[in-house]
Amino acid sequence: MNSIFVNSKNVFLDTVNSKDYVQLDRVSTIYQSLKDSIKKPLKMILLYGKPGTGKSMFLTKLHHDLCESSNIYLYQTPILDESEFYKTLAQDIFQTKYNDTLNFTQFMKIVKNQENQEIPVVLLDEAQLYSELLMEKIRLLSDTRSIKFVISLHKTEREDLIAKEHFQTRIWETIELENASKAELKIYIQKKLMKANCFDTANMFSTHTVKKIYKLTHGNYRDTNKLLYTLFDIYTTYEQHSNIYPLNTTKVPNKFVEMAAIHTGLIHA
Amino acid sequence: MLNIHELEKQWKIYKIKSYLPYALIIVSLSIIALITYIFYDTQTKTRLQHIKKSPTVKHVQVNIKKIKARDTNKTIIQLKAKKISKPKLQTEKQDKLLPSMNFMKNIQHEAQIYTHSSDPIKEKTTKRIRKKIKKKTSTNTIEDVRIKEVPKIHKEQKPDITIERKETQNDIMDIIKRFKKNNNPALSLFVAKKYYELGKYEQSYNYALITNQINSNIEASWIIFAKSLVKLNKKNKAIFTLREYIKSSHSSNAELLLNEIKSGKFK
């Protein structure tokens, strides 16, 4: 089905793809500062923020942009087993394959034996899932200045504790990601739709509608994506049963936004 | 595929829930407003009742009623005054603030009025008097209006009347003094008339007698003389005097008075 609503719905699918990255002024500035930090001789960079603020997208975009020019490795899913973690790093960074278990001492030896001129950059997403012991060992690895770590964390009380206690002296750069403002959210929605050539639906989002969406999602990108996906799902359903409700393609009715919010759990009816 | 019907149901429930607090606030506010209105309304009513029940107000109301009653009485009196016969009007006129020297002019008019003559000058003078009285009554009505507002003014009118009386007595004394100086019978006749009006019949008899001694041809003097005698229970002497006077003057007024005394109409 080539309906504009179906196409618009697919735009807001919850996937982390560097192509879906929407360039906003504030986000672009943060992204540039992160890129600059990687070039600096820093041991560790912490990227933190609430869930759905675009941390994973940031790391994906960064990897995508620097993978050709730099020695950069992205681990979106945490490797919780310690031996597996060392073995994966040894294989990816130093091309050293180990069939047996690899402990921290053995991995340190491999790292010290390498004489790479360019320090490899390891991007660890969802780092809050790593155990404290492993995080301590990651800290020791960063102290050798042989591997540079960029870790992304959810901003919770526990993660703050980790950041403070274990990495306070080693983290040289901290970047906090925040939810979008009303104006940013409007640009985000419209840019996202226009990227997929959904100009008609992009035009439907007036300031009033965006305000309503902002009220529900507080500018959280993930929540906004979820809400708009459901919104266009509602549109497609009504389109299929056009006798139920006459569709207005000039603006988004509040009823639809509220229905989408009820369905996604943003409103508890 | 979404279950749109179910979602619409949930949305309707949500809308009802979202409007419910506003509706509750509006209803509660309107109830509060209604209660406060009723409260203040009852308060004002009770205050008004207290004011109505308070003795000072009663007193004021009573005073107003009194004043109204007085005013009505006064107006009635004023209306009556309009209807009163000519001599009475003249006396009232004299009681009021006329200058004492004008009494001299009125002496002759009074005497002529009593004779019931159809003289046009008399009519004119009576008309003038009526007009003056009307003016006075009109001024009095204006005063009445003021009296309604300020009851003190009403009280001050009473001493005014006594002052007028004193003035008439002083006028008589002045005229007596002047009479003693020039022995004008017109002055003594006026004094006699005034004393007669005031009920001092002995004095009126004396001054009428003095007038007759000075000039025995004044009809009014003889009539006052006879009237004073009747009032002093000397009816026979009065009849005798009038008969003697009629013989010499053939006065019709004297004859009329004689008949009235004889028939007992004049007592």
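**Aromatic pairs and the nonpolar core**

Tyr205(B) and Phe225(B) are both buried. The model in which they are found is predicted. Over all chains, the structure holds 23 aromatic pairs. Tyr205(B) and Phe225(B) form a stacked pair, because their ring centres are 4.9 Å apart and their planes lie at 20°, under the limit of 30 degrees for stacking. This pair links distant parts of the chain: Tyr205(B) belongs to helix α8 (residues 201-214) of chain B and Phe225(B) to helix α9 (residues 219-231) of chain B, with the two residues 20 residues apart.

In chain A, one aromatic cluster is formed by Phe5(A), Phe12(A), Phe205(A), Phe232(A), Tyr235(A), Tyr238(A) and Phe256(A). Charged side chains also lie over aromatic rings. Lys255(A) is placed over the face of Trp11(B), at 5.1 Å from the ring centre. Within chain B, Lys231(B) lies over the face of Phe266(B), and here the distance from the ring centre is 5.4 Å.

In soluble globular proteins, nonpolar side chains tend to be buried together. The largest nonpolar core of the model comprises 58 residues. Phe58(A), Ile189(A), Phe205(A), Leu231(A) and Ile234(A) have the most contacts inside this core. The element that gives the most to the core is helix α11 (residues 221-240) of chain A, with eight residues. Phe205(A) is also a member of the aromatic cluster. With neighbours within four places in sequence left aside, Ile234(A) contacts Phe256(A), Met259(A) and Ala260(A), as well as Leu2(B), Ile4(B) and Leu7(B). One of these contacts, Phe256(A), is likewise part of the aromatic cluster.

How values were computed. Residues are numbered from 1 along each chain as its sequence is written. Chains are lettered from A and ligands numbered from 1 in the order in which they are written. This is a predicted model: local features need pLDDT of at least 70, side-chain atom pairs count only at pLDDT 80 or more; totals for chains, interfaces and linings use all residues. Side-chain values use heavy atoms; hydrogens and water are left out. Rings of Phe, Tyr and Trp (its six-membered ring) pair if their centres lie within 6.5 Å; planes under 30 degrees apart count as stacked, over 60 as edge-to-face and the rest as tilted. Helices (H or I, at least four residues) and strands (E, at least two) are DSSP runs, numbered from the N terminus. Buried means under 20% relative accessible area, exposed over 50%, partly exposed in between (1.4 Å probe, protein chains only). A charge sits over a ring if NZ of Lys or CZ of Arg is within 6 Å of the ring centre and within 35 degrees of the ring normal. A nonpolar core is a set of buried Ala, Val, Leu, Ile, Met, Phe, Trp, Tyr and Cys residues joined through side-chain atoms within 4.5 Å. Contact means heavy atoms within 4.5 Å.
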